[in-house]
Amino acid sequence: MTESTPLHGQSVTALADAIRRGTLRARDVLELHLERIARLDGPIGAFVFQDAAGARAAADAIDARVARGEDPGPLAGVPFGVKELEDVAAWTHPRGARVFADRIAATTSTHVTRLRRAGAIPLGLTASPEMGAASFTASLLHGVTRNPWNPARTPGGSSGGSAAAVTLGLVPFATGSDSGGSLRIPAAFTGLVGFKGTYGRVPRGPGYVGMPNVRNYGVLTRTVRDTARILDCVVGADEHDPLSLPHPGYAFAERIATYDLRGTRTAWTTDLGFGVCEPEVARVVRAAADRLVAGAELAATDVAITLADPEESWRILMTPDLLDAYAPFIPAREDEVNPMLRFLYASADSIGAREIGRAALVRDGVVQSLAAIFAQVDLLLMPTTPIPAFAAEGPPPGTIDGRAVGPIASVAQTYVFNLSGHPAISVPAGMVDGTPVGLQIVGRRHEDDRVLAAAARFEALQPWPLLAPAAG
């Protein structure tokens, strides 16, 4: 434990280790965080559901195990939020949608099940935009979720409720999902760590896991070390997910402490060759990247990064899943569905086998282009987002660096790696216009350890406040 850091700002690792030793009680840690949610969350809107009774029972069970001399696990007694797109049996499961407001989850995700098994305590659901289909967090069901660094701004999306909860000190960590940047974008906008592993690193399911194979589970934390410890508790193949990866055979938390990064080849890109980025964001993040290269003795290269924009491919592959989800409600309850989702639903009817086939070919082109790039470099360094946090109510800005852009431009630096399956992490790089921005580090598939090690090294070179100033 760090004496100068308040209890609500302590790391996952410090809290769990203190509870395992018996120097902290899980019940006391839980009550502190429940009190903070009751006192601070009203104007922010991070949590949309709480199971205080279930969390208290779990905390008491942890304390009883410690009293018997047992080890409850590496996440012992640490409370956490669950993004509302993820299932927890017997909890409400609206996925941010008014039409699903009365739905109750029948199963618990493998991700949450493994977190519980490691001793962590789920205490409630955090806000998401409807079906996770936005880079800001607002919905007809829950209203607007705000950024604790500046409540007029968004904490990002779609894991915005989780990000707001962690940076405000309402929970030490929270889960998220990432189909186009939904862990990394909120991390960038709120000064947190958001890691999307190699596709399949964290199993999905049980239940339908989606047609396009772009969705990843993960967590939002305040330190890379916490991310690594949590990852060690949830990785490994699962029969519910046919694309889940086997356990890597080592502990990420140990690996990042010993990984020798010297000589690692890096390349910088502002926009992957097809996007656009605000100059101040590019300047701040480039300075952070240069600090990492110099401080970790990496090798900067001049490899040109020029990809074809796969936005249409990503959108086409994502859209058909909406047909089954919304078919029972459109047109009868169309006014209760987010307008963007209504548009995507309508466009899904015009997408056939030919369009899906073409989108798959574009996706393959991205994979091949990145394979050629990663034959020459080991890590890509770039801004996580091309803009700082925008208005909490949305929408994303229609211009970036003076150029007119569409709504997808705000996620252009992230969705590429959902299509390709590469591991990518966002770590705090600095401030632009009063809110944080992130450095994104991307590595080869299955080299999650190198990506995490580089992020941990940068974190040591450029320490960051663990909480937003509003957290106290």
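Before counting who lines what, I need my terms: helices and strands here are DSSP runs, numbered from the N terminus, and a lining residue has an atom within 4 Å of a cavity point. I also keep in mind that this is a predicted model.

**Entry 1: cavities.** I searched the whole structure and got 2 cavities of 30 Å³ or more. Which element gives the most to its lining? Helix 7 does, with 4 residues. Helix 7 spans 224–234, and strand 8 (216–221) also supplies at least two lining residues. Sorted by class, the lining has 7 nonpolar and 4 polar residues, and no charged ones.

**Entry 2: the second cavity.** The second largest cavity has about 50 Å³ of space. Its lining reads 3 nonpolar, 4 polar and 4 charged. Arg 201, Arg 204, Arg 215 and Asp 241 are among the residues around it.

**Entry 3: Thr 137.** I looked up where this one sits: the loop between strand 3 (121–126) and strand 4 (138–139). Is Thr 137 buried or exposed? Its relative accessible area is 1%, so Thr 137 is buried.

**Entry 4: salt bridges.** How many salt bridges does a search of the whole structure find? It finds 28, and I checked a few.

- Asp 17 and Arg 20 pair at 3.6 Å, N to O; both are in helix 1 (residues 12–21), 3 residues apart, about one turn of the helix. Arg 20 is partly exposed at 29% relative accessible area.
- Glu 31 and Arg 27 pair at 2.7 Å, N to O. They are 4 residues apart in helix 2 (residues 26–40), so about one helical turn separates them. Glu 31 is partly exposed at 26%, and Arg 27 is partly exposed at 23%.
- Asp 260 and Arg 262 have their closest N and O atoms 3.0 Å apart. Asp 260 is partly exposed at 45%, while Arg 262 is exposed at 57%.

Last item: a network of salt bridges links Arg 265, Asp 378, Arg 444, Glu 447 and Arg 450.

Key. Residues numbered from 1 in each chain as written. Predicted model: local features only at pLDDT ≥ 70, side-chain atom pairs only at ≥ 80, totals over all residues. Heavy atoms only, no water. 1 Å grid on protein atoms, 1.4 Å probe; cavity = no way out; pocket = protein on both sides within 12 Å on 5 of 7 lines; lining within 4 Å. Points joined across faces, edges and corners; volume = space filled by probe spheres on them. Nonpolar A, V, L, I, M, F, W, Y, C, P; charged D, E, K, R; others polar. Buried < 20%, exposed > 50% of the residue type's maximum accessible area, 1.4 Å probe, protein only. Salt bridge = Lys/Arg side-chain N within 4 Å of Asp/Glu carboxyl O.
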